[in-house]
Amino acid sequence: MPLPNALTYTTLRDSLARFESRRIPLEGRRHAAVVIAVLDDGAGNPVMPLTRRPTKLRAHPGQFALPGGRLDPGETPEDAALRELHEELGLDAPPDTIVGRLDDYVTRSGYVMSPFVVRSDAAVADLKPSPDEVDVLFSVTETELDSEPRFVDIPESDKPVIQWPFRGHLIHAPTAAVVYQFREVALHRRHTRIDGLEQPVFAWR
């Protein structure tokens, strides 16, 4: 059972404050930031925006994704996370809406991805997704967040590939890994790590 009122601002901030997130040095890799945003569905229920990227994009076309992207020169990860949230979903979230941070995740494409959690009273219906970066916007419910992932062994790696089931799809890492850790920390206060979770082979290039 999830923690009662797990996704309210106060409880979410407390759960993340109890969690000691891990940083990973860049060591020549590029740096990106992503956002798990908890917003309002318009009826007082917390939901997480999840996007599907347009198929015309050169990078990761048609894939499910959290708002995020590469840091600009001189930009902090926190600033990049809030900027990407505005650019992709049209949400102006001040710095105090960041309630915590999850573990950095190293992608097979050469990025260190830093995930931040934002809690805002903004309604999903008021978002203005960028058509250049968002094909479909989903509102993920708490029940959907709490879905049990699948872990699949592959011969190419000694780490299991994580698959998060969502509305008939299987979403892979890095998005699945970040969402899984958020579920573990925010809904259950289990300090589960994600450095042992693999991406599928098709995402290695």
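# Chat: Pro129 and beyond

Q: Is Pro129 buried, exposed or partly exposed? Which of these?
A: Pro129 counts as partly exposed, because its relative accessibility is 32%. The cut-offs are under 20% for buried and over 50% for exposed. Keep in mind that this is a predicted model.

Q: Where does Pro129 lie?
A: In the loop between β7 and β8.

Q: What does Pro129 touch, sequence neighbours aside?
A: Glu88, Leu89, Val134 and Leu137, with residues up to four places away in sequence not counted.

Q: And how far is Pro129 from Pro94 in space?
A: 18 Å, C-alpha to C-alpha. Along the sequence, Pro129 and Pro94 are 35 residues apart.

Q: Glu88 and Leu89 came up. Which residues of α2 are buried?
A: Pro77, Ala80, Ala81, Leu82, Arg83, Glu84, Leu85, Glu88 and Leu89.

Q: What covers them?
A: The cover over the buried residues of α2 includes strands β1 (30-40), β2 (46-52) and β4 (68-70). It also includes β5 (98-101), β7 (111-123) and β8 (136-141).

Q: How many residues does α2 have, and what is its reach?
A: Helix α2 spans residues 77-89, which is 13 residues. From first C-alpha to last it reaches 18 Å, close to the 18 Å expected at 1.5 Å a residue.

Q: What follows α2?
A: Gly90, with a positive phi near 70 degrees.

Q: Which non-glycine residues have positive phi?
A: Glu27 is one of them, at about 50 degrees. Glu27 sits in the loop between α1 and β1. Its relative accessibility is 66%, so Glu27 counts as exposed. Arg189 is another, with phi near 50 degrees. Arg189 is found in the segment after α4. Arg189 is partly exposed, with a relative accessible area of 28%.

Q: Switching to His31. Where is His31, and is it buried or exposed?
A: His31 is in strand β1. His31 counts as buried because its relative accessibility is 18%.

Q: What joins the side chain of His31 to Ser114?
A: A polar contact of 2.8 Å between the two side chains.

Q: What else does His31 touch?
A: Besides Ser114, His31 touches Leu26, Arg70, Leu71, Pro77, Tyr111 and Val112, not counting residues up to four places away in sequence.

Q: How many bridges join the strands?
A: Three bridges join β9 to β10 (residues 161-166). β10 and β11 pair over four bridges.

Q: Which residues stand opposite each other?
A: Val152 stands opposite Val161 in β10. Phe166 stands opposite His169 in β11.

Q: What is in the hairpin of β10 and β11?
A: Two residues lie between the strands. Arg167 takes a positive phi near 50 degrees in that hairpin.

Q: Where is the cis peptide bond?
A: From Ala173 to Pro174, with omega near 10 degrees. Pro174 is in the loop between β11 and α4.

Q: How do α1 and α4 cross?
A: The axes of α1 (residues 9-17) and α4 come within 8 Å and cross at roughly 110 degrees. That makes α1 roughly perpendicular to α4.

Q: Which residues meet there?
A: Leu12, Ser15 and Leu16 in α1 meet Phe182, Val185 and Ala186 in α4.

Q: Last one: Phe64. Where is it, and is it buried or exposed?
A: Phe64 is in strand β3 (residues 64-65). Phe64 is buried, with a relative accessible area of 14%.

Q: What is in contact with Phe64?
A: Leaving aside neighbours within four places in sequence, the contacts are Leu50, Thr51, Arg52, Phe138, Phe166, His169, Ile171 and Thr175.

How values were computed
Residues are numbered from 1 along each chain as its sequence is written. This is a predicted model: local features need pLDDT of at least 70, side-chain atom pairs count only at pLDDT 80 or more; totals for chains, interfaces and linings use all residues. Side-chain values use heavy atoms; hydrogens and water are left out. The expected span of a helix is 1.5 Å times one less than its number of residues. Buried means under 20% relative accessible area, exposed over 50%, partly exposed in between (1.4 Å probe, protein chains only). Contact means heavy atoms within 4.5 Å. Two strands pair if DSSP finds at least two bridges between them. A polar contact is a pair of N or O atoms within 3.5 Å; within protein, one must be able to donate a hydrogen and the other to accept it, and residues adjacent in sequence count only if both atoms are side-chain atoms. Axes are lines fitted to C-alpha atoms, for helices over the stretch in contact, and angles run from 0 to 180 degrees between N-to-C directions. Angles under 35 degrees count as roughly parallel, over 145 as roughly antiparallel, 65 to 115 as roughly perpendicular and the rest as oblique.
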